[in-house]
Amino acid sequence: MRLCRPHLLDRFSEDQERHTRRKKSLEVRNQLVALNQETNVNIGINVRSKCLQQPVLHPASTSNQSVGNIVTNSSENNSNFASSLIPPELLPLEYNCESSSDEDFYNAEYFKEFLSSWVLRHKIPMVAVSEILKHLRLYPGFENLPNDCQTVMKTPRSTDIQIITPGQYCNFGLKPQLLQLLQSSSLEEKNVLRKGIQLQFNSDGIPLFKSSSQQFWPILGYVKAFTYPVFVIGLYSGKAKPEDIRQYLEPFVMELKDLMESGLIFQDFQFKILINCFTCDAPARAYILSTKGHAGYKCCTKCEIPGEYKDHRVVLCGTGYTPRTDASFRSRADEDHHTGITPLVD
């Protein structure tokens with residue numbers, strides 16, 4: 001069967017992504033092999049024998065030296081590997097050799113968070129992460145690390161699925177997405193966002209297959225600042241769009257309304273949540289607003305102009321008609337313009 005050009009491009013993209021994953025997995029495996037060959041490897045675990053020689057560790061002392069040079073006797077390659085595994089933030093604020101135990105040397109929970117963000121940031125394959133975790137568990141002090149990458153990434157074991165006729169809906173939530181975004185933001189970005197988090201939203205139908213009517217209707221969010229990625233708030237899947245718009249949007253609207261009223265608390269600071277806009281094409285806009293479609297006689301969202309049927313299409317001719325306002329939309333003054341009550345009025 002002869003493939004068309006889009007199929008060739010898709011296959012090339014998949015092969016390129018697969019090659020990148022294999023390359024990163026090979027790099028991690030080579031690091032493990034190099035680490036295993038050194039018999040005198042010690043990543044900051046057996047430091048008691050040098051308590052009299054090592055000063056008390058502070059974050060400031062790690063800025064001039066690599067962490068590997070301070071806490072290990074291994075070779076230069078192993079020191080670099082250790083410093084990449086244990087950033088300065090993992091060290092306690094004040095480490096005393098006489099009173100501390102091996103388990104106190106690094107913050108295990110922070111190490112898991114660092115490893116989780118590192119995997120996401122560099123798109124490390126889960127197989128490679130599980131392999132390095134199993135190897136690290138062989139060394140004293142790392143026995144409490146999880147054995148599998150899914151534990152580090154906190155992959156949910158089950159997903160809450162809601163039945164929305166004629167399909168299913170999964171709500172990921174707006175608040176968790178914003179907290180994760182703030183967690184990965186720099187101090188400069190947080191200072192800008194403290195003035196208010198401007199949010200943009202989108203919803204539209206996405207066909208999945210050419211031979212099937214199965215489709216996605218995601219609710220997407222975007223923070224209007226810097227170059228933050230678009231995130232998924234909710235995802236609907238079915239053979240047609242949701243029949244009940246209120247059932248589809250209500251979980252999202254309730255959460256957004258609560259965040260706008262009470263704000264988002266992160267690191268003892270309250271971030272104000274603001275709506276910038278909803279970005280949709282004409283059919284999706286009419287759907288979420290529960291108004292007549294763009295081909296209807298009363299489809300105009302700017303004024304109450306009636307449409308006319310000319311040359312096999314509906315056209316809007318003339319000026320000077322009554323403009324639509326927020327009050328007239330909420331009161332549904334023009335009943336011919338509305339097909340129902342949208343939950344967005346809340």
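Lys298 is in contact (heavy atoms within 4.5 Å) with Lys292, Glu304, Ile305, Pro306, Arg324, Asp334, Asp336 and His337, leaving aside its neighbours within four places in sequence. The model is predicted: local features need pLDDT of at least 70, side-chain atom pairs count only at pLDDT 80 or more, and totals for chains, interfaces and linings use all residues. Residues are numbered from 1 along each chain as its sequence is written, and side-chain values use heavy atoms, with hydrogens and water left out.

- Lys298 is found in the loop between α10 (282–289) and β10 (308–310); helices (H or I, at least four residues) and strands (E, at least two) are DSSP runs, numbered from the N terminus.
- With a relative accessible area of 16%, Lys298 is buried; buried means under 20% relative accessible area, exposed over 50%, and partly exposed in between, for a 1.4 Å probe and protein chains only.
- The side chains of Lys298 and Asp334 make a polar contact of 3.3 Å. Such a contact is a pair of N or O atoms within 3.5 Å; within protein, one must be able to donate a hydrogen and the other to accept it, and residues adjacent in sequence count only if both atoms are side-chain atoms.
- A network of salt bridges links Lys298, Arg324 and Asp334; a salt bridge is a side-chain nitrogen of Lys or Arg within 4 Å of a carboxyl oxygen of Asp or Glu.
- Asp334 and Arg324 meet through their side chains in a salt bridge of 3.2 Å, N to O. This pair links distant parts of the chain, 10 residues apart: Asp334 lies in the segment after α11, and Arg324 in the loop between β11 (313–315) and α11.
- Asp334 and Arg324 are both buried.

**Other salt bridges**

- The count of salt bridges comes to five.
- Arg246 forms a salt bridge with Asp346, in which the closest N and O atoms are 3.7 Å apart. The two residues are 100 residues apart and belong to distant parts of the chain, with Arg246 in helix α9 (residues 245–262) and Asp346 in the segment after α11 (326–331).
- Arg246 is partly exposed, at a relative accessible area of 28%.
- Lys310 and Glu308 form a salt bridge through their side chains, at 3.5 Å from N to O. Lys310 counts as partly exposed at 41% relative accessibility, and Glu308 as partly exposed at 34%.
- Glu308 lies in strand β10 and touches Tyr297, Arg313, Val314 and Val315, not counting residues up to four places away in sequence.
- The C-alpha atoms of Glu308 and Tyr297 are separated by 6.8 Å, although these residues are 11 residues apart along the chain.

**Aromatic pairs**

- The structure holds 12 aromatic pairs. Rings of Phe, Tyr and Trp (its six-membered ring) pair if their centres lie within 6.5 Å; planes under 30 degrees apart count as stacked, over 60 as edge-to-face and the rest as tilted.
- The ring centres of Trp217 and Tyr287 are 5.1 Å apart and their planes stand at 55°, so this pair is tilted. Because Trp217 lies in strand β5 and Tyr287 in helix α10, the pair ties together parts that are 70 residues apart in sequence.
- Trp217 is buried, with a relative accessible area of 7%; Tyr287 is buried as well, at 11%.
- Tyr236 and Tyr248 form an edge-to-face pair, at 6.3 Å centre to centre and 75° between the planes. Tyr236 is in strand β6 (residues 231–238) and Tyr248 in helix α9, 12 residues apart, and the pair links distant parts of the chain.
- Tyr236 is buried at a relative accessible area of 0%, and Tyr248 is buried at 0%.
- One aromatic cluster is formed by Tyr169, Trp217, Tyr236, Tyr248 and Tyr287.

**Strand β3 and its partners**

- Five of the seven residues of strand β3 (residues 197–203) are buried, and the strand is mostly covered.
- Strands β3 and β9 (residues 273–278) run parallel and are joined by five bridges; two strands pair if DSSP finds at least two bridges between them. Ile197 has Ile273 as its bridge partner in β9.
- Strands β3 and β5 (residues 215–223) run antiparallel, also with five bridges. Phe201 stands opposite Gly221 in β5.

**The chain as a whole**

- The chain has 11 helices and 11 strands, and 35% of its 346 residues are buried.
- Among contacts between residues at least 6 apart in sequence, 59% join residues at least 24 apart.
- The accessible surface comes to about 21,900 Å², of which 51% belongs to carbon and sulfur atoms; the areas come from the Shrake-Rupley method with a 1.4 Å probe, and for residues only the protein chains shown count as cover.
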